[in-house]
Structures are given as structure tokens and as C-alpha cells.
Amino acid sequence: MLKFREKVAYGLGDTASNIVFQTVMLYLAFFYTDVFGISPVFVGTMFLAVRIIDAITDPLMGAIADRTQTKYGKFRPYLLWFALPFGLISVLAFTTPDFTETGKMWYAFLTYTALMMVYTAINIPYCALGGVLTADPKERVSVQSVRFVFAMLGGLMVTALTGTLVDYFGQGDKAKGYQLAILAMSVLGVLMFLACFWGTKERISPPPSQQSSFKDDFKALWQNDQWRVLSIAAVFLLTGSVLRNTLAIYYVKYVLLQPDSIDRFLTLGMLGSIAGCVIAQPLAKRFCKVKLYQTFQVLAALMCVGSLFAGTEAPMLALVAFVLWRLFFDAGTPLLWAKMADTVDYGQWKTGIRTTGMVYSSIVFFIFLCLAIGGAAASWLLAGYGYEANVAQSIATQDGILWSFCVYPAVGSLLVAFVMRWYILNTKKVEEITEDLQKVS
């Protein structure tokens with residue numbers, strides 16, 4: 001059994017990651033359109049275009065991490081090597097240069113691309129690290145539950161502090177405020193990555209006889225049918241989630257007509273996420289993890305639809321529905337990531353090749369793909385509904401934002417619940433696989 005302090009140390013790595021991930025998901029599109037000053041159509045296209053680069057860098061990073069050999073292990077060293085570059089490039093991405101519109105577009109594209117690449121370099125090894133801390137299936141859920149509590153604390157920090165820090169540092173200058181706010185949070189993120197590096201230990205390694213090429217790893221990955229199920233589920237899951245989170249600011253500002261409540265809305269939503277992560281482990285001990293995960297997705301879909309009926313006259317109902325959506329949606333997150341570790345074991349059991357880095361890098365790729373699709377869809381939908389920054393929106397635009405915020409994410413969650421019907425790694429099956437692998441190790 002892992003000591004709690006090691007679980008906390010591992011969780012701090014995701015606090016650091018989420019300082020950037022949640023900022024990108026919640027604020028970057030809004031920053032680009034309303035502060036930086038570029039069109040939503042370009043923003044959406046840029047988000048999607050960078051995913052083409054990720055299609056190459058993500059699996060490559062997984063393969064590189066799987067083949068890394070240092071005294072610190074395969075995955076931990078990347079936390080040490082890339083913590084500072086990650087912090088620096090985060091600040092650059094939220095810096096507004098005095099360029100022409102074309103110059104700003106190039107600057108945004110280059111810094112956003114660099115941010116996603118360095119995020120890949122540190123986050124894929126970090127995620128894979130969670131799969132080699134322990135072989136105990138129950139401990140894996142515990143590790144991921146603690147991890148995502150700390151991940152949501154990072155998100156809570158973003159939602160609670162970003163607006164305040166932007167106002168404090170900017171003194172009316174939003175561009176300067178965002179730059180210095182991200183600088184302050186990035187310094188803290190770098191320190192947390194270093195704490196994660198020093199506080200964790202890798203305990204699971206590939207079989208000593210394993211000698212596989214990059215091609216062999218890809219072949220083994222594709223033969224892992226449970227990995228394919230999780231990958232498809234991840235696409236539906238994250239596309240809807242990112243769309244909803246990206247539009248949350250627009251929903252509060254232009255549909256609920258309460259721009260001063262944006263930080264409170266997002267912060268309380270993040271508290272709902274933390275509560276969801278906390279309840280995941282005790283519920284997973286009592287119920288089948290697969291059926292529990294499906295139930296959480298159905299409940300999340302219902303909360304999305306519930307938001308549709310909360311107009312400007314019922315902002316409290318809208319807030320409650322958003323908080324409950326975050327609670328149910330993120331109650332499933334630790335279960336999903338524990339399943340990823342299970343699919344690594346399943347792949348080794350089925351093919352004889354352990355591809356920890358490849359499994360996690362491919363899932364992270366799908367997460368990034370959905371970050372782009374969801375962000376691009378949000379930007380394109382805003383443009384299609386006639387959105388104009390910092391002005392009162394038409395009824396048609398308000399209705400478009402409302403529909404996109406409520407209905408499309410609900411469809412995504414329902415599709416996830418449906419796809420998980422083909423996931424066979426329940427508690428009994430995972431225990432059987434673990435026993436078989438221990439016999440041959």
C-alpha cells in the first residue's frame with residue numbers, strides 16, 4: 001500500500017498541470033477573442049491545426065518515455081527536465097505583443113504550439129507515472145482519486161484567482177493582468193512539479209526480456225481492444241466537456257447576463273469537481289467500476305439538459321445544475337484513469353509487450369484532440385451564431401450559446417455511457433490479470 005504522502009506528491013503534479021490545462025480550457029479562447037484581439041474563427045482553426053502536430057508528438061513522446069533509462073526511472077525525470085520550460089512558455093502564451101493582427105495570429109499560433117508541445121513532454125510521462133506506482137487495482141483508484149482532488153484544486157486555484165489576479169496586476173490593463181497572473185501561477189506550478197518528482201517512486205517495469213521496436217509497440221497497442229474502447233469513449237467525453245467548459249464564461253456573461261459572477265460560477269463548479277473526485281473511491285469499493293462510470297455519465301447528461309431550463313430569471317438554478325454536472329462528470333474521472341492502468345496490464349497479458357507510455361500518450365493525444373475539437377467547435381459556433389466580443393448579444397446568439405452549452409455535451413456523455421458497454425475489465429477480470437502477470441514476472 002502506498003503511503004498517503006506519496007499519493008499527495010503525485011497529486012501535486014496534476015495541480016501543476018491543471019494550472020495550465022484549466023486556464024487553457026476555461027480562459028484561453030476568451031483571452032484570444034476579448035483581450036488578445038483575434039477572431040473566433042481563427043482561434044477555432046488554430047486549436048484544431050495544432051492537433052495535427054500532436055498526432056506526431058504524442059505517440060512519439062510515449063515511445064521515448066518507454067525507452068528512457070535513468071537512475072530516476074523512465075517517467076519521473078521529465079518532471080525535472082521540463083518543469084521550468086513549461087512555466088516559461090505558459091507565460092509567453094498569455095502575453096499580448098504590440099503586433100499587427102497578422103503578427104498576433106502568428107504569435108498566438110507559435111506560442112500555443114510550443115505550449116502544447118512542452119505540455120506533451122511533461123504531462124505524458126506524468127500520466128504514465130501513475131501506472132507504475134503500484135500494481136494493486138484498488139490502490140490505483142485511490143491514487144487517481146487523490147490525484148484528481150489535487151488536479152481540481154489546481155483548477156479551483158485558476159477559477160478563484162485568475163480574475164482577481166488579472167485585476168490586481170493589470171489595474172485596468174487586461175493584457176498585462178493576464179500575463180502577470182499566469183506568471184505567478186506558473187512559478188507555483190514549477191515548484192509543484194519538482195515536489196512530485198522528489199516525492200514519488202517507480203515500482204513496475206516491463207519484463208526484462210522485452211525488446212520491442214516502435215512498430216512492435218504500435219502493433220501491440222492496436223491489438224489492445226480495451227484501449228480502443230477507452231480511446232473512443234475519451235473522444236466523446238472530452239469533446240463535450242471542453243465545449244461546455246469553453247462556453248461557460250460566455251454562458252454566464254451573455255446568457256445569464258451576470259458578468260460579475262463568472263469567477264464564482266466557475267469556482268463553485270470546481271468545488272463540485274473536487275467533491276466528485278472524493279466520492280469516487282468509496283463508491284468504487286461498493287459497486288462495479290464500469291457500471292458506476294456509466295451511471296455518472298448519464299447523471300452528468302441530465303444535469304446538462306437541466307441547464308437548458310434555467311434562463312436569465314433563474315441564475316441560481318443554472319449554478320446548481322453546473323455544480324452538479326461537475327460533480328457527476330468528475331466523479332468518473334479517477335475511475336477512467338484507473339482503467340487506463342488496467343488496460344496497460346491487459347495489453348501486456350494479451351501480447352506480452354508492456355506499453356505504458358504508449359497507452360497513456362495515445363489517451364492524452366485523444367484528450368488534446370478533444371481539447372482542440374471542443375475549443376474549435378465553441379469558437380466556430382460562436383461565429384456561426386453571430387457573436388461579437390464585448391457587446392450585447394442578439395436573441396439568436398444567446399439561444400445558440402445556450403443550446404451549445406447544454407445539449408451537445410449531454411449527447412457526448414450519453415455516447416460515452418453507450419460505448420462503455422464493450423469495456424470488459426471489471427474488478428474480477430482485473431484481479432485475474434494481475435495474478436497471471438505476477439506469476440510470470
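Is Gln171 buried or exposed? Gln171 is exposed, with a relative accessible area of 65%; buried means under 20% relative accessible area, exposed over 50%, and partly exposed in between, with a 1.4 Å probe and protein chains only. This is a predicted model, in which local features need pLDDT of at least 70 and side-chain atom pairs count only at pLDDT 80 or more, while totals for chains, interfaces and linings use all residues. Residues are numbered from 1 along each chain as its sequence is written, and side-chain values use heavy atoms, with hydrogens and water left out.

**Loop residues with positive phi**

- Gln171 sits in the loop between helix 5 and helix 6 (174-199); helices are DSSP runs (H or I, at least four residues), numbered from the N terminus.
- The phi of Gln171 is near 50°, a positive value in a residue other than glycine.
- Leu257 lies in the loop between helix 8 and helix 9 (262-286), and its phi is near 60°, again positive in a residue other than glycine.
- Leu257 counts as exposed, at 52% relative accessibility.

**Largest cavity**

- The whole structure contains four cavities of 30 Å³ or more. A cavity is a set of points on a 1 Å grid over the protein atoms alone where a 1.4 Å probe fits but cannot get out, and lining residues have an atom within 4 Å of a point.
- The largest cavity has a volume of about 390 Å³, where volume is the space filled by probe spheres set on the points, and grid points are joined across faces, edges and corners.
- The largest cavity is lined by 27 residues, of which Phe21, Phe148, Leu238, Thr333 and Trp337 are the closest to its centre.
- Several helices each supply at least two residues of this lining, among them helix 1 (4-36), helix 5 (137-170), helix 8 (225-255) and helix 12 (333-351).
- By class, the lining of the largest cavity has 17 nonpolar, six polar and four charged residues. Here Ala, Val, Leu, Ile, Met, Phe, Trp, Tyr, Cys and Pro count as nonpolar, Asp, Glu, Lys and Arg as charged, and the others, Gly among them, as polar.

**Second largest cavity**

- The second largest cavity has a volume of about 50 Å³.
- Its lining consists of Val24, Met25, Ala29, Phe47, Tyr112, Val242, Thr246, Leu371 and Gly375.
- Helix 1 gives the most to this lining, with three residues.
- Seven residues of the lining are nonpolar, two are polar and none is charged.

**Nonpolar core**

- The largest nonpolar core has 151 residues, and those touching the most other members are Tyr32, Phe47, Tyr112, Tyr250, Tyr251, Leu266 and Trp337. Helix 8 gives the most to this core, with 17 residues.
- A nonpolar core is a set of buried Ala, Val, Leu, Ile, Met, Phe, Trp, Tyr and Cys residues joined through side-chain atoms within 4.5 Å.
- Phe47 touches Leu28, Ala29, Tyr32, Tyr112, Ala372, Gly375 and Ala376, not counting residues up to four places away in sequence; contact means heavy atoms within 4.5 Å.

**Cysteines**

- A disulfide is a covalent bond between the sulfur atoms of two cysteines.
- The structure holds zero disulfides, a disulfide being counted as a pair of cysteine sulfur atoms within 2.5 Å.
- The sulfur of Cys196 is too far for a bond because the closest cysteine sulfur, in Cys127, is 10 Å away.
- Cys127 is buried at 0% relative accessibility, and Cys196 is buried with a relative accessible area of 0%.

How values were computed: On a 1 Å grid over the protein atoms alone, a cavity is a set of points where a 1.4 Å probe fits but cannot get out, and a pocket is an open set with protein on both sides within 12 Å along at least five of seven lines; lining residues have an atom within 4 Å of a point.
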